[in-house]
Amino acid sequence: MIPDNDVNSDLAVLNERCIKNGISSPVKFSWSGRPTIDNRIHIDLYEVFRKELVKGTIFKNKYRTLKLEDVSQAILGKGKYDLGAISGADAHLLTVEQQKEYVLQDAELVMDLSKVNNGQIMSLMQAIPELTGLNLEQVCHSNLSTWWTRVFDDMNSIPPASGGYDKEGKNQSSAYQGGLVIEPKRGLYRNLKVVDVVSLYASVAILHNISFETVTCVCCMNIEDAKVSADIIDKGYWICKRKEGAFPRKLRQFKEERVRQKQLGNEIKQLGLKILINGGYGLFGNPAFKYADIRVAELITASGRNTLRQMTDIASNMGFTIVAGDTDSLFLDGGINNDKAIEHFIAECEEKIGIDVAHSQTFAKVAIVKKKHYFGVTTSGEIKVTRMEGKKNDRPVWINKMFDQFLEDFKADKDPMVNLKAAINDLEIGKIDPELLRIRVTLAKNPEEYAINNPNKKIGMLLGAKAGDVIWYFKTDRKKGGVRTNLEEMDIRKYKEMLMATVKDALEILSEQHKGTQRNNH
Ligand SMILES: [Zn+2]
């Protein structure tokens, strides 16, 4: 049985309705007062779709809220009866036939959501119990931290006493450093290779035996060899040399099992394992986790940074230029006999630092703009963009579309200015659909709660909106307060500025390249 909302309410309501209408109720209540149905598992799909790994990892944040209407529209491309205008609270105002249709449609949407991607989500939920020892119901209604807790509990682990947190539970070094980001070399590159470490943080945890019971263990306190080099982290830590920690041991088992499942072609199981393997380390920095240990999180990220530094040394010794790098990946330019050189680089990483590196993609051409900002076309013809302003969804759709056009022109080696000029001309003569110029924002809080008088506050108050509502406005002159809801007061100049600001960096890089080529030709 798969209702879409609150564990307690749906079955309780069903029970109540049955009683009121003189129908025998299938709902029973457990000793703790929880409603259940005999021989049935009760899964709250709302809890499943709320999980970060489902919402973010699998569906790439396609749905913005957890309302059935939003999730269905985003994933199934269809929505509730009457587009969600009718809610459960006023459904009784409909005729009996309409009510039937309304209820049926809701139930069908929930069932369709549970079966999406050939049942991928529920299959994944079913794969996790085998790996963690929890049951399906527990898996559906809990997160990674509960899953890993159960794994460690089953290994008879003892949670760390302090976990690096002081007695008040406050995090002593709450801001432990994350991954290493290498200052990029801005410019346009061709045939740029991207190499990634396979599961970096899990790999270094295994390689260096980093676990909550191995860090500053009692048995290796005076063993010189156990000390963590100051090059990695200078905090006087040492790591056990005598026994393998629970975290690395389990990670190793999960990794071996993942390889096996991949060979068997079991995509869902390997995905479940991947989620457990890659999501494990982050829990140690969360004070709410039973096995939280800030030192583990610190040591893992520090070892990760050290690994990336070692990789840059190997790459530059082989004649590559490191154009950019972030946490677990490097962008490599040059090298003698490129493809062979990459194979050689991967073999060196394995041999010298014991790390599994993969050549994930090659950019036929790519513009490196600044840290974590780039756009390019891979050798398989795919456009890849990270963090470029033009892709952000708080921009008017017009800007997003123009940026997509810009990328297509870039891919096709066309001068992007032609389409940009045409777009600005269309804007000036009023040929752009105003709908595309609206800026839409979902309010994170109630308008009056914003400290500064920003558009969210101004327009939110004007429209009487509340947290979670989507508001919209047009850009206008600063004298008019910057934002307006009526089209007549929209300021075209603001939109021109927004468009040009979006492509400014990219255009600069392309024109520098152009000048460069001309120089070379002389
Ligand atoms: Zn030890």
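1. The model is a predicted one, and I would start with its largest nonpolar core, which has 109 residues and in which A205 and I300 are the residues with the most contacts. Helix α12, covering residues 294-317, gives the most to this core, contributing nine residues. As background, nonpolar side chains in soluble globular proteins tend to be buried together.

2. A205 deserves a look of its own, and once its neighbours within four places in sequence are left aside, its contacts are I210, F247, P248, L251, Y281 and I300. A205 is also one of the residues through which helix α9 meets helix α12: from α9 come L200, Y201, V204 and A205, and from α12 come I300, S303, G304 and T307.

3. How do the two helices α9 and α12 cross, and within what distance do their axes come? The axis of α9 (residues 200-207) comes within 9 Å of that of α12, and the two cross at roughly 100°. Because angles of 65 to 115 degrees count as roughly perpendicular, α9 and α12 are described as roughly perpendicular to each other.

4. On the overall layout, the protein is divided into domain 1 (7-117), domain 2 (181-378) and domain 3 (389-521), and the centres of domain 1 and domain 2, taken over C-alpha atoms, are separated by 41 Å. The C-alpha atoms fill a box of roughly 80 × 70 × 50 Å along the principal axes, and the secondary structure comes to 17 helices and 12 strands. Buried residues account for 30% of the 522 residues, while 59% of the contacts between residues at least 6 apart in sequence join residues at least 24 apart.

5. Turning to the strands β10, β11 and β12, they form an open sheet in the order β10-β11-β12, with antiparallel pairing. The edges are taken by β10 (439-442) and β12 (483-484), and each has a single partner strand, so one side of each is left without a neighbour in the sheet. Strand β11, residues 470-475, pairs with β12 over two bridges in the antiparallel sense, and K475 stands opposite V483 in β12. Helix α16 (residues 455-463) lies across β10, β11 and β12, and runs at about 115° to β11.

6. Helix α4, spanning residues 68-75, has L68, E69, V71 and S72 as its buried residues, and a reader may wish to note that E69 and S72 are listed there together with L68 and V71. The buried residues of α4 pack against α2 (45-50) and α5. Just after α4, G77 takes a positive phi of about 75°.

7. Apart from its neighbours within four places in sequence, Q105 is in contact with K80 and Y81. The C-alpha atoms of Q105 and I342, which are 237 residues apart along the chain, are separated by 54 Å.

Terms used:
Residues numbered from 1 in each chain as written. Domains from an automatic or database assignment. Pairing = 2+ DSSP bridges. Helix = DSSP H or I, 4+ residues; strand = E, 2+ residues; numbered from the N terminus. Contact = placed C-beta atoms within 7 Å. Axes fitted to C-alpha atoms, helices over the stretch in contact; angles between N-to-C directions. Core = buried A, V, L, I, M, F, W, Y, C linked by C-beta atoms within 7 Å. Buried ≥ 20, exposed ≤ 12 C-beta atoms within 10 Å, placed from the backbone. Parallel < 35°, antiparallel > 145°, perpendicular 65-115°, else oblique.
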